[in-house]
Amino acid sequence: NFSRVTEFILLGLSDTRELQVLFFTFFLLAYVMVLLGNLLIIVTVRTDPKLSSPMYLLLCNLSFIDICYTSVTSPRMLVDLLSQRKAIAFEDCIAQLFFLHFVGASEMFLLTVMAYDRYTAICKPLHYTDIMSRRVCWVLVSACWAGGFLHSIVQTLLTIQLPFCGPKTIDNYFCDVPPVIRLACIDIYVTEWLMASNSGLISLVCFLVLVTSYMFILVTIRVRFTEGHWKALSTCASHVMVVTLFFVPCMFIYLRPFSTFSSNKLICVIYTVFSPLMNPLIYTLRNNEVKASMWKLRKRCRA
């Protein structure tokens, strides 16, 4: 009711036409690779009965989240790279903000659950099937989505209650909390601290839980090292790469008041484009079981 701004102008990644064409080509290829790579993982896991363990069920859900996550920002960015006027309606901006945090927070929680799954498999192998049953796995996945929704609805409600009546230029290629609330016509000191506490603490707590679980895994492997533990360690190493690409930029952006720094588009590209792009590459190239299942799927398709 207080908003007078009907649209925002996204400045995008660059004003240079040649760079815009170059960025369009690169990010289009990246988006297609994210879609195809993650869809291939989902189809492979769903069609191979051997990939029915909780680890692959969680991997399948991670691929689905990555498709949703990159689809929140990439299509809009690709269209704007070829457009002269990069305008986005106020309602569309708020919707993009909502789904970005909804899917992003869900992925944070899911990565934490995946770390717990690896910790249970390595540190408590005899009780693994009881602790991480298929039913428990689905409950944890549902909890991840519910947690992401609660986080996102708080961020969205704090944003839409602000009055926007002045500047409407967003120095980024998508709508996110930091650049949007800086355009409000009132003092946002309390609001930005509430939002930073929400997003920042979620990122920090999930990251600390992940680091703690990997510390326990390393201690366990050091005490009793076997060939099976080496395989598990290799899986955890790829997981750490994904976690680093995703959590570090998020903590850098959300773990402090938003008015203290300007938009860093390179960091935004890392966690909105490169992190979803790396997931299918890491989990397929470093996992022999997934690669073997993909070869079987390819042979069945040819037959």
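Where does helix 2 bend, and by about how many degrees?

## About the model

This is a predicted model, in which local features need pLDDT of at least 70, side-chain atom pairs count only at pLDDT 80 or more, and totals for chains, interfaces and linings use all residues. Residues are numbered from 1 along each chain as its sequence is written, and side-chain values use heavy atoms, with hydrogens and water left out.

## Helix 2

Let's start with the opening question. Helix 2 bends by about 40 degrees at serine 71, with proline 75 following within four residues. The bend is the angle between axes fitted to the seven residues ending at a residue and the seven starting there. Helices here are DSSP runs (H or I, at least four residues), numbered from the N terminus.

Helix 2 covers residues 54-81, 28 residues in total, and spans 40 Å between its first and last C-alpha. Of these 28 residues, 22 are buried (under 20% relative accessible area, with a 1.4 Å probe and protein chains only).

In the model, residues 55-74 are 100% helix, with end C-alpha atoms 28 Å apart. Residues 136-154 are also 100% helix, and their end C-alpha atoms lie 27 Å apart.

## A look at threonine 159

Threonine 159 sits in helix 5, residues 134-160. Threonine 159 counts as buried because its relative accessibility is 1%. Alanine 184 is 25 residues away from threonine 159 in sequence, yet their C-alpha atoms are 9.0 Å apart in space.

Technical notes:
Helix = DSSP H or I, 4+ residues; strand = E, 2+ residues; numbered from the N terminus. Expected span 1.5 Å × (residues − 1). Buried < 20%, exposed > 50% of the residue type's maximum accessible area, 1.4 Å probe, protein only.
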